Amino acid sequence: MILLGLTGSIGMGKSTTTTMFADHGAVVWNADDAVHALYATGGAAVGPIAEAFPGVVVDGAIDRQRLAEALGNDESAFRRLETIVHPLVAAGRMADLEAARAAKVRLAVLDIPLLFETGGDRAVDAVVVVTADADTQRRRVLARPGMTPERFEAILARQLPDAEKRRRADFIVDTSGGLEAARTEVAKIVGTVLSPGWSSPRRPLSPAAKHPH
């Protein structure tokens, strides 16, 4: 099974792009969805986060607004949260990927916004970076409910700059040019990585090298 890591800064079009990969038969694992499940009622992260940040649980689930207020701009608080959430997310990801391998899935895509920041790029066969020009990105993000320029800048400050992501990418999908252009790029990537002669540029670290099929 070929494992692609897909990343990109906020507002670049990651969700739309992962849907395009799914249309080609890829299994998509989404980090944000995994975190939402962990934060929901009965989620494995609810208890530990409630203990670390009292007052953030409402009706048995993590209230994201209250959690954001508890975190503020305190880097040590963000690190404390990450030590709780990241191991739980990683365990769920491993279980889902093993199930995909058992089902003989040929291509899996990990949609991880902080792929480079968390070192996840070292555990995939290739990295796809979704990008767009800065004006398009800003327009998309500020159109979101509740988003402010200040919050947008704070989110960007926690993410690797787009130019650095593109520099470290194996493949790039630029969504500035519209859906059809992006679909064309995705189709090219799928065709490339599933071709018989393709070899991961990140071997021997990649999972495919460790789990040949």
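This is a predicted model: local features need pLDDT of at least 70, side-chain atom pairs count only at pLDDT 80 or more; totals for chains, interfaces and linings use all residues.
The protein chain contains 10 helices and seven strands. Its C-alpha trace extends over about 55 × 40 × 25 Å along the principal axes. A compact globule of 213 residues would have a radius of gyration near 17 Å, and the value of 18 Å found for the protein chain therefore agrees with that expectation. Of contacts between residues at least 6 apart in sequence, 73% join residues at least 24 apart.

Within the protein chain, 42% of the 213 residues count as buried. The accessible surface amounts to about 11,000 Å², and carbon and sulfur atoms account for 55% of this area. As to charge, the chain carries 25 positive and 26 negative charges, whose mean positions are 4 Å apart.

In soluble globular proteins, nonpolar side chains tend to be buried together. The largest nonpolar core in this model comprises 34 residues, of which Tyr39, Ile49, Phe53, Leu67, Leu81 and Val85 touch the most other members. Two or more residues each are supplied to this core by α2 (31–39), α3 (46–52), α4 (64–71), α5 (75–102), β5 (107–111) and β6 (126–131). The greatest contribution is that of α5, with eight residues. When residues up to four places away in sequence are not counted, Leu67 touches Tyr39, Ile49, Phe53, Val56, Ile62 and Leu81. Another core, of 21 residues, lies apart from the largest one; Val109, Val128, Val130 and Ile189 are among its members.

Key
Residues are numbered from 1 along each chain as its sequence is written. Side-chain values use heavy atoms; hydrogens and water are left out. Helices (H or I, at least four residues) and strands (E, at least two) are DSSP runs, numbered from the N terminus. The radius of gyration is taken over C-alpha atoms; the globule rule is 2.2 Å times the number of residues to the power 0.38. Buried means under 20% relative accessible area, exposed over 50%, partly exposed in between (1.4 Å probe, protein chains only). Contact means heavy atoms within 4.5 Å. Accessible areas come from the Shrake-Rupley method with a 1.4 Å probe; for residues, only the protein chains shown count as cover. Lys and Arg count as positive and Asp and Glu as negative; His and the chain ends are not counted. The place of a charge is taken as NZ of Lys, CZ of Arg, CG of Asp or CD of Glu. A nonpolar core is a set of buried Ala, Val, Leu, Ile, Met, Phe, Trp, Tyr and Cys residues joined through side-chain atoms within 4.5 Å.
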